[in-house]
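Reader: I've got a model on my screen and I'd like to learn how to read it. Could you walk me through it?

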Amino acid sequence: MSRARAARLFALAVTALGIVGVFAPSALAADGVGLWGPTDDKVVTYWGFGVIAFFAVLVTVLSLIQIRLEGRRERLRQEIERLRPPAAD
């Protein structure tokens with residue numbers, strides 16, 4: 001990537017973030033009424049519990065995937081060692 005192209009891309013990203021930063025407060029400041037409805041303590045609390053549950057499930061699923069992949073790798077390594085001819089000394 002050329003320097004001019006990288007500079008243009010950086011300028012575009014900064015401009016886009018600036019525009020979003022300027023218009024976000026007015027777009028989201030409708031007396032606490034968002035996409036869900038009025039935002040009160042109950043909504044925020046349940047949303048927080050949802051975030052906690054999401055990350056707990058995410059960590060569990062990713063751990064199970066990692067365990068399965070490590071077992072597969074270990075079985076493959078043992079199979080390669082079994083099929084490899086003994087080294088001549």
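Reader: How much space lies in the largest pocket?
Author: Before the number, some ground rules. This is a predicted model, where local features need pLDDT of at least 70 and side-chain atom pairs count only at pLDDT 80 or more, while totals for chains, interfaces and linings use all residues. Residues are numbered from 1 along each chain as its sequence is written, and side-chain values use heavy atoms, with hydrogens and water left out. On a 1 Å grid over the protein atoms alone, a pocket is an open set of points where a 1.4 Å probe fits, with protein on both sides within 12 Å along at least five of seven lines. Here the largest pocket holds about 170 Å³.

Reader: Which residues line the largest pocket?
Author: Lining residues have an atom within 4 Å of a grid point. In this model they are Trp36, Thr39, Val43, Val44, Tyr46 and Trp47. By class, that lining has five nonpolar residues, one polar and no charged ones. For those classes, Ala, Val, Leu, Ile, Met, Phe, Trp, Tyr, Cys and Pro count as nonpolar, Asp, Glu, Lys and Arg as charged, and the others as polar.

Reader: And the overall fold: how many helices and strands are there in the protein?
Author: Both are DSSP runs, with at least four residues (H or I) for a helix and at least two (E) for a strand. You'll find two helices and zero strands.

Reader: What share of the protein's residues count as buried?
Author: Buried means under 20% relative accessible area, exposed means over 50%, and partly exposed is in between (1.4 Å probe, protein chains only). Of the 89 residues, 1% count as buried.

Reader: Which residues make the nonpolar surface patch?
Author: A patch takes residues with over 30% relative accessible area and no salt bridge, and nonpolar side chains (Val, Leu, Ile, Met, Phe, Trp, Tyr) are joined within 5 Å. This one covers about 730 Å² and is made by Phe54, Phe55, Val57, Leu58, Val61, Leu62, Ile65 and Leu69. Take Leu62: it lies in helix 2, residues 41-83, and is partly exposed because its relative accessibility is 48%.

Reader: How many salt bridges does the structure hold?
Author: Side chains of opposite charge can pair when their charged atoms come close. The cut-off is a side-chain nitrogen of Lys or Arg within 4 Å of a carboxyl oxygen of Asp or Glu. By that rule the structure holds three.

Reader: Where do Glu74 and Arg77 lie?
Author: Both are in helix 2, three residues apart, about one turn of the helix. Glu74 is partly exposed at 31%, and so is Arg77 at 44%.

Reader: Is Arg82 buried or exposed?
Author: Arg82 counts as exposed, at 58% relative accessibility. Its salt-bridge partner is Glu79, 2.5 Å away, N to O, and Glu79 is partly exposed at 34%.

Technical notes: Patches are made of residues with over 30% relative accessible area and no salt bridge: like charges are joined within 9 Å, nonpolar side chains (Val, Leu, Ile, Met, Phe, Trp, Tyr) within 5 Å. Accessible areas come from the Shrake-Rupley method with a 1.4 Å probe; for residues, only the protein chains shown count as cover. Grid points are joined across faces, edges and corners, and a volume is the space filled by probe spheres set on the points.
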